[in-house]
Protein chains: 2
Amino acid sequence: MSQVLELAALSARSGGGPFAAAIVKGDEIIALEHNSVHIDTDPSAHAEVNVIRKACQILNTIDLSGYEIYSSCEPCPMCFGAVYWAHLSRVYYAANRQEAAACGFDDEQIYHEINLPDNQRSILFQRVDSDEKLIPFKTWDMLENKNQY
Amino acid sequence: MSQVLELAALSARSGGGPFAAAIVKGDEIIALEHNSVHIDTDPSAHAEVNVIRKACQILNTIDLSGYEIYSSCEPCPMCFGAVYWAHLSRVYYAANRQEAAACGFDDEQIYHEINLPDNQRSILFQRVDSDEKLIPFKTWDMLENKNQY
């Protein structure tokens, strides 16, 4: 965790956000990345998403079962989702979401809004009814060899 | 939305997941992408994340205020977070999370687990106490010209 926190501070000083994360198995660090949202003009380039992407490239798999992630900060909902989709085995974090919010990072608000009904969010969500809405899933269901997610 | 659903079905038939999304302003489609998790070996490569990344590259900004997203399916928590970080103005979706779950995509479970305490999740979260945990944020706070997120 001290290497992760060191990279997070270095990131803050060099154009990234003040966040970093590592994917680890036992004593081995597979990947170590920092937030690069502004560097890459990519709002999804949080430390956890970056390090998951990197580890998946290195290991040539989307399944990180058996690997653990160390993050300088409690993952936001986007990174929380990425951790689940990557099937990581455990998450260690240092600062929490309230400490991130105190520094101006809105994780706490997003955690709040995710539980609101569609029409009560600050970004309105609206379901569009369409006769074709299930066609992608029906197409998928008919495949013989489905990829696992 | 019909273009989005058409691409989602095409994606299912060609190695992607059965999902697609578009970023739109008025009548103009800025970007249209599909799920490419297996194609790119990247568990974060959902349609919404892909199309947000693409639109940000095209528009050279991380702030998509004033733009709307059309998704073939209700965004999962990862994509929900990406929508908020990109500051999109509105979200339209066709299928919902229950319909995704019925097709084997665990969005519904992740929505459930995000509200559980750290130690009751299927992926355990654990806070690591460290004297250095706030150093990245303090480093950030001292910057004169902070990037906005």
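## A two-chain predicted model

Residues are numbered from 1 along each chain as its sequence is written, and chains are lettered from A and ligands numbered from 1 in the order in which they are written.

The C-alpha trace of chain A spans about 50 × 40 × 25 Å along its principal axes. Of its 149 residues, 49% are buried, meaning that 20 or more other C-beta atoms, placed from the backbone, lie within 10 Å of a residue's own.

**Two copies**

How do the two chains relate? Turn chain B by 180 degrees, with a shift of 0.0 Å along the axis, and it can be laid on chain A with an RMSD of 0.0 Å. The copies are thus related as by a two-fold rotation axis. For this, they are superposed by least squares on the C-alpha atoms of residues with pLDDT of at least 70 in both. Met78(B) is the residue of chain B that comes closest to the axis, with its C-alpha at 1.8 Å.

The contact takes 69 residues from chain B and 69 residues from chain A. Two residues are in contact if their C-beta atoms, placed from the backbone, lie within 7 Å. On the chain B side, α4(B) gives the largest share, eight residues. That side has 43 nonpolar, 17 polar and nine charged residues. In this count, Ala, Val, Leu, Ile, Met, Phe, Trp, Tyr, Cys and Pro are nonpolar, Asp, Glu, Lys and Arg are charged, and the others, Gly among them, are polar. And 100% of the interface residues of chain B are also interface residues in chain A, so the copies meet through the same surface.

**A sheet with strands from both chains**

Strands of a sheet pair through backbone hydrogen bonds, either parallel or antiparallel. In this model, five strands form an open sheet with mixed pairing, in the order β5(A)-β4(B)-β3(B)-β1(B)-β2(B). β5(A) and β2(B) stand at the edges with a single partner strand each, so one side of each is left without a neighbour in the sheet. Two strands count as paired if DSSP finds at least two bridges between them. Here are some of the pairs:

| Strands | Sense | Bridges |
|---|---|---|
| β5(A) and β4(B) | parallel | four bridges |
| β3(B) and β4(B) | parallel | five bridges |
| β1(B) and β3(B) | antiparallel | four bridges |

From β3(B), the chain crosses through helix α4 (residues 77-85) of chain B to β4(B), a β-α-β crossover that is right-handed. Right-handed means that, with the strands pointing away from the viewer, the path from the first strand over the helix to the second runs clockwise. Ala22(B), for its part, stands opposite Tyr70(B) in β3(B).

Is β3(B) mostly covered or mostly open? Strand β3 (residues 68-73) of chain B is mostly covered, with five of its six residues buried.

Conventions
This is a predicted model: local features need pLDDT of at least 70, side-chain atom pairs count only at pLDDT 80 or more; totals for chains, interfaces and linings use all residues. A residue is buried if 20 or more other C-beta atoms lie within 10 Å of its own, exposed if 12 or fewer, and partly exposed in between; C-beta atoms are placed from the backbone. Helices (H or I, at least four residues) and strands (E, at least two) are DSSP runs, numbered from the N terminus.
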